[in-house]
Amino acid sequence: MPLLNQISVLAALVLLTVFRTALAAEESPAIEQAWEKASLLLTSEAYDDFVQIRKAGKSPREAAFGVALMLLNKQPKTDGNLDKAAGLFEQISESGDDDLAMLAGYFRARIEQVHRRTQNPGKAVELFTKLIERHPEHPFAQFAAVKRSMIDIYDDSPIESKRQRLAALEIAADGMTHPPAKRDMQLLIADSYVRLFQDDGQALKHLLEADAIGITRAKPRADVWLRIAELARLLGKNDVAAIYYRKFLKEFQRDNRHYTIEERLKELGAKGAAE
């Protein structure tokens, strides 16, 4: 699946950076340096810095968040470290109503979804739901909705119920206000239609909607463009397929799939001439 199944330090930093200016945290060179180390994947060094900053009483909530985040990535990963991280995320989440509190609540749920050796999807759903109900329009609540939906759509319930769930997710996606979360929901829906029902038409529709919102990272964008092109080709939508093959060739000139895509375009041209 194109959606992240694990939260890395870098993924967390992307989320944090987007909203950091609104955190009302005390700016200090020490905490900036700690985040810099984290961005370089110097987890142990960043962890030590955040611990010291927290002990000094500087930027206490942001420092505690940094400690918790580093504990998720500190090696070896232990149940004790995950429990400490969970406790810190809970404290931060319950200590305010700002972006940092919402982000901490999101990561608290992700611990149960992906980080523990024995994952607890039921607990994760409970925590995601709590976050969504707290501030439905908040970006982190909408990211939480995507992760909760991922658990829900791939649970052990009968396949007959899944199409109704997908229809409900389509309605939910239409109402989402945060573009990156809405895009991720569209990608989840597209994947689900292929995996559960081999419904290429619905998958293509939702991939096109995700692309219209915008996929900022190069590799996922390249992969989505090729999926759109291939599905369109299989469905006989040759004009759409050709557009996306050409977009890919123009933007990703060093990709090793170039030859195959050029051959696909030749095939489409031959079909067009025959028709």
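The charged end of Arg-221 lies over the ring of Trp-225, at 5.9 Å from the ring centre; a charge sits over a ring if NZ of Lys or CZ of Arg is within 6 Å of the ring centre and within 35 degrees of the ring normal. Arg-163 is likewise placed over the face of Phe-197, 4.1 Å from the ring centre.

The model is predicted: local features need pLDDT of at least 70 and side-chain atom pairs count only at pLDDT 80 or more, while totals for chains, interfaces and linings use all residues. Residues are numbered from 1 along each chain as its sequence is written, and side-chain values use heavy atoms, with hydrogens and water left out.

Rings of Phe, Tyr and Trp (its six-membered ring) pair if their centres lie within 6.5 Å; planes under 30 degrees apart count as stacked, over 60 as edge-to-face and the rest as tilted. This rule gives ten aromatic pairs. One of them is the tilted pair of Tyr-106 and Phe-128, with 6.1 Å between centres and 55° between the planes. Tyr-106 belongs to helix 6 (residues 99-115) and Phe-128 to helix 7 (residues 121-134), 22 residues apart; helices are DSSP runs of H or I with at least four residues, numbered from the N terminus. Tyr-106 is buried, with a relative accessible area of 3%, and Phe-128 is buried at 0%, where buried means under 20% relative accessible area (1.4 Å probe, protein chains only).

Trp-225 and Tyr-244 form an edge-to-face pair, 6.5 Å centre to centre and 70° between the planes. Trp-225 lies in helix 12 (residues 218-234) and Tyr-244 in helix 13 (residues 238-251), so the pair ties together parts 19 residues apart in sequence.

Methods
Helix = DSSP H or I, 4+ residues; strand = E, 2+ residues; numbered from the N terminus. Buried < 20%, exposed > 50% of the residue type's maximum accessible area, 1.4 Å probe, protein only.
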